[in-house]
Amino acid sequence: MNSVSEVTVNTLSYAVDQGRYGASQVNYVTKSGSNQFHGNLYELWNGAKFNAADYFTNAAGKHKPRSTVNHFGGSAGGPIVHDQLFFFFDSEWVRIALPIVTATTVPTPAFQNYVLQRLPLGLTEVVNGQPVVVYQPSPQSVPFYQKMFSLYGNTSGAPVAVLGCPFDAGGGSPAIANDGDGCANRQSVSRSSVDHEQVQTVRIDYNINEKNTTWFRFQADTGLQVAFTDPINSVFDSFSPQPLYSLAAGYTRVFSQNLVNYFNPAFSWYGSIFGPDDFQKTLSAFPIVLDGTGPNAFTPVGGLDNTWVQGRRASRFFINDNLAWSHGAHELRFGTNTRILRLNDYDFGQGKVPKVTYNTLPQYIYGVASTAATTFPTSANEPFNFLNLDLYAQDTWKVTRKLTWTFGIRDTWNSNPLNPHQNIARLKGSFNSISHDVNQPLNAAIQTGLGNVFSSTPLAIQQPRTAIAWQFEPKTVLRAGFGLFSDILPGTIADTIGFNPPYNKTFQGGLQGTVGGTAIAPGMPNSAVDATVAANQAFTSGFSQGQLSCASAQANPSNCLPPVAITAMPDGELHAPYFMEWSLGLEHQLGTTGNIRAQYVGTRAVNQPYFTQVNGYQTVCDGCFAPFPYGQAPDPRFGTVTQFSTGANSHYHGLQMTAMKRFGNGFMGQLNYTWSRCMDTVSNGGFLSFSADGILSPLPGNLARDYGPCDYDIRNNLNAQYVYQLPLKVRNRPLGYALNGWQVSGTVFWHSGIPFSVLSTPYSSGSGIVNGSGPQFASVVPGVPLYEHNPIPGVTQPGTVQWLNPNAFVSTVDPSTGACLGGDSPQHCQFGNLGRNALRGPDFTWSDFYLTKWFPLTERVKMRFDVQFFNVFNHANFALPSMVLAGIPGNPATQSGFGAITSTTSPPTGLLGVGLGGDSTPRMIAFQLRLEF
């Protein structure tokens with residue numbers, strides 16, 4: 001940021017030359033040289049000794065992690081040829097030891113020994129007086145579990161009760177059967193990871209003559225980001241080197257005082273590949289990712305290995321041209337924004353490492369997989385080409401001296417994403433439109449050898465916009481506007497359709513899978529992972545030959561095709577996402593030193609993307625868990641079918657108020673308040689969850705059921721900034737050197753809590769729901785308070801903060817049995833009455849404070865010293881509850897850990913920024929020394 005001279009944020013623009021997004025436009029202007037040499041040198045440092053400990057680190061009695069921030073650099077600019085040719089150079093370096101604090105749940109040594117003893121025995125229960133084998137003996141799994149347990153370091157911690165645990169800490173029997181606290185310990189793990197970045201910027205400005213000027217800027221941004229720091233074992237840590245090289249230029253041609261053209265081409269290349277340093281070493285340590293679902297799961301083992309390697313390398317070309325013509329009372333603008341993107345997508349390697357899940361503690365004990373998913377790509381990466389072409393025309397008409405009317409239109413063409421290798425496959429239409437005849441070969445149902453992601457895309461997306469500014473009083477202006485804005489689909493859409501067979505095949509084994517196998521460990525008899533390998537071999541050899549699905553009665557069992565996952569595209573032409581924005585505001589100037597502004601802003605987004613799992617079914621009973629059919633998938637030739645659609649929508653209404661005032665005694669302040677309401681069916685564009693438990697996929701046919709507060713719906717938002725120049729003017733030079741030039745400044749943030757959902761515990765007494773997903777909401781108990789902030793015996797785990805009242809919510813499924821509460825029947829096996837995002841998390845309060853002292857060294861050289869206090873009052877800002885699967889009211893064994901908060905949330909400002917994932921929530925104090933000339 002040292003190379004940036006100016007940043008403008010336009011939160012409400014209807015100008016068609018300002019781009020395609022209406023919510024905000026951010027413009028950066030790089031520093032440049034001048035006829036005088038100028039520059040700076042600076043160093044900003046922070047160390048762990050000047051930082052407070054995280055709230056949950058203190059609660060667990062642990063030490064805070066090592067942390068260091070070292071940000072240094074400098075810049076210089078000046079003339080090469082006086083009045084004509086100038087240079088500017090900037091170099092910035094960042095070294096960070098990033099503090100990471102993670103809450104984990106790990107198996108105790110006693111429980112590890114118990115598992116190793118039980119695996120060879122299996123589980124047999126007596127039903128109606130007869131022994132029934134529930135889980136088969138698996139002595140071959142013992143070495144696998146021994147290897148997994150060896151990955152744990154210190155497993156000490158606070159004992160926590162786990163449903164299904166047969167003993168308490170110390171070995172005694174639990175007061176509540178199978179709800180002992182001897183199986184798991186809760187820890188707060190503190191680790192540090194080292195990130196570094198360096199940015200070099202060079203800019204040349206050339207005044208060719210009075211009518212022609214040009215500039216060139218080159219920037220190299222290189223570094224290493226820690227992508228994931230595993231709390232179990234550092235062998236699963238992952239990293240991402242992220243080089244970015246960019247070249248931008250500008251050429252301004254003045255044809256006359258009324259006609260000027262601005263031409264700005266640019267090019268950039270970046271790489272962002274995520275994965276472990278030595279992936280083979282990581283997989284040798286543990287070949288899968290083992291992750292529990294439900295309320296009593298251990299922290300995953302294997303890190304995020306099932307998502308590596310992922311990322312992209314991209315080349316981007318930009319051409320922006322803007323012709324400005326002033327003619328009488330009119331200022332006309334015509335131009336184009338063109339973007340060409342060549343993307344090498346490395347996400348196709350995701351899923352090669354199997355992800356295995358378990359739903360209950362007995363499944364973990366006896367080595368039984370609920371699901372085991374593995375992806376088999378033809379290629380680890382694929383190229384995609386994108387072209388976005390925008391043309392616009394606009395007139396800003398000075399209707400009268402006090403009334404200005406701006407109107408224009410922007411026309412957009414977004415190309416159909418192209419894979420030049422023609423490795424795109426998709427169904428011939430949407431899932432609901434194709435034939436579901438199981439006797440039709442899959443190679444007749446799936447189109448292969450395609451280049452484009454969609455069957456058709458719009459030729460043009462027209463976006464008219466208009467706005468007025470009316471000064472109806474000498475110091476008061478009314479502003480109003482309306483506009484349409486298009487929204488491009490992100491490049492990750494290529495990942496979605498690219499993960500299709502036969503080029504990319506995903507199979508799922510386990511109890512809730514479709515290709516068989518039950519054992520967690522690979523290489524064991526009846527392994528769920530091995531079942532996916534066998535399914536891939538059968539599919540690969542039989543697809544091109546037109547072999548029938550194994551679901552067909554006519555198929556040969558020796559060479560039939562197992563169910564395979566696929567993503568379906570919409571029928572016909574893609575309905576492009578867009579949104580409407582409108583506003584009405586008043587701005588009043590307070591003398592010459594202040595102003596106040598109030599405005600209403602509304603938006604409505606339509607055709608927003610979302611995904612639905614449309615091939616799901618349930619095995620519980622006929623009529624259970626609507627809308628899932630009973631007994632068989634709608635198309636048993638396929639496993640999970642993800643239907644991509646563009647029918648989601650959102651509405652936003654906000655009242656925004658701002659007051660700014662400069663006082664004569666050196667004080668300046670600004671106060672901003674927003675009351676808003678955001679409602680939608682899917683948040684954040686449908687591609688990336690805003691919060692850990694955000695819901696992206698509705699139940700099939702039930703999109704409207706998910707209409708509720710947006711994941712980021714903040715009803716009240718207040719922030720303030722202030723700067724105060726201490727009015728000391730001591731004339732005595734030695735004394736003035738110490739007392740003059742002091743400044744204090746700061747920021748204050750407060751906003752109300754964001755929403756989240758409470759769900760039922762998944763069905764685990766059998767297969768339950770297969771191939772399906774969507775929010776399985778819990779029900780609310782009438783008349784019971786929803787929130788409880790005091791610890792609850794048997795529910796609140798040590799070192800956590802209770803937020804919800806567990807007795808206010810009831811799960812459809814009883815976690816103690818895995819079956820529906822009241823019995824498996826259509827009456828009892830239905831999703832609950834809670835809605836999406838029906839609950840609210842904690843408020844957020846944050847304040848930064850800066851103390852600055854200027855030291856004049858010479859007439860042109862001065863030094864600045866800063867002390868920066870982030871979260872100066874060390875206020876703990878809690879994140880959302882981490883466990884939101886409801887239990888059964890009055891039965892604490894089914895509610896352990898429910899509705900409790902286990903971590904703090906990152907601030908909007910902070911020493912570590914918001915994208916690195918470090919623990920920047922406690923107070924941090926940094927020191928900066930800056931020399932400017």
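The side chain of Asp824 comes within 3.0 Å of the backbone nitrogen of Cys820. The model described here is predicted. A second polar partner of the Asp824 side chain is the side chain of Tyr763, at 2.5 Å.

Asp824 lies in the loop that joins β39 (809-810) to β40 (839-840). Leaving aside residues up to four places away in sequence, Asp824 is in contact with Val620, Cys621, Tyr763, Ala819 and Cys829. Cys624 is 200 residues from Asp824 along the chain, yet their C-alpha atoms are 8.0 Å apart. Is Asp824 buried, partly exposed or exposed? Asp824 counts as partly exposed because its relative accessibility is 35%, between the limits of 20% and 50%.

The table gives the volumes of two of them.

| Cavity | Volume |
|---|---|
| Largest cavity | about 90 Å³ |
| Second largest cavity | about 70 Å³ |

Residues lining the largest cavity include Ala48, Asn51, Lys64, Pro99, Asp919 and Met924. By class, this lining has seven nonpolar, two polar and three charged residues.

Around the second largest cavity, the lining residues include Phe348, Thr378, Glu382, Asn419, Gly498 and Tyr503. Here the lining divides into four nonpolar residues, six polar and one charged.

How values were computed:
Residues are numbered from 1 along each chain as its sequence is written. This is a predicted model: local features need pLDDT of at least 70, side-chain atom pairs count only at pLDDT 80 or more; totals for chains, interfaces and linings use all residues. Side-chain values use heavy atoms; hydrogens and water are left out. Helices (H or I, at least four residues) and strands (E, at least two) are DSSP runs, numbered from the N terminus. Buried means under 20% relative accessible area, exposed over 50%, partly exposed in between (1.4 Å probe, protein chains only). Contact means heavy atoms within 4.5 Å. A polar contact is a pair of N or O atoms within 3.5 Å; within protein, one must be able to donate a hydrogen and the other to accept it, and residues adjacent in sequence count only if both atoms are side-chain atoms. On a 1 Å grid over the protein atoms alone, a cavity is a set of points where a 1.4 Å probe fits but cannot get out, and a pocket is an open set with protein on both sides within 12 Å along at least five of seven lines; lining residues have an atom within 4 Å of a point. Grid points are joined across faces, edges and corners, and a volume is the space filled by probe spheres set on the points. Ala, Val, Leu, Ile, Met, Phe, Trp, Tyr, Cys and Pro count as nonpolar, Asp, Glu, Lys and Arg as charged, and the others, Gly among them, as polar.
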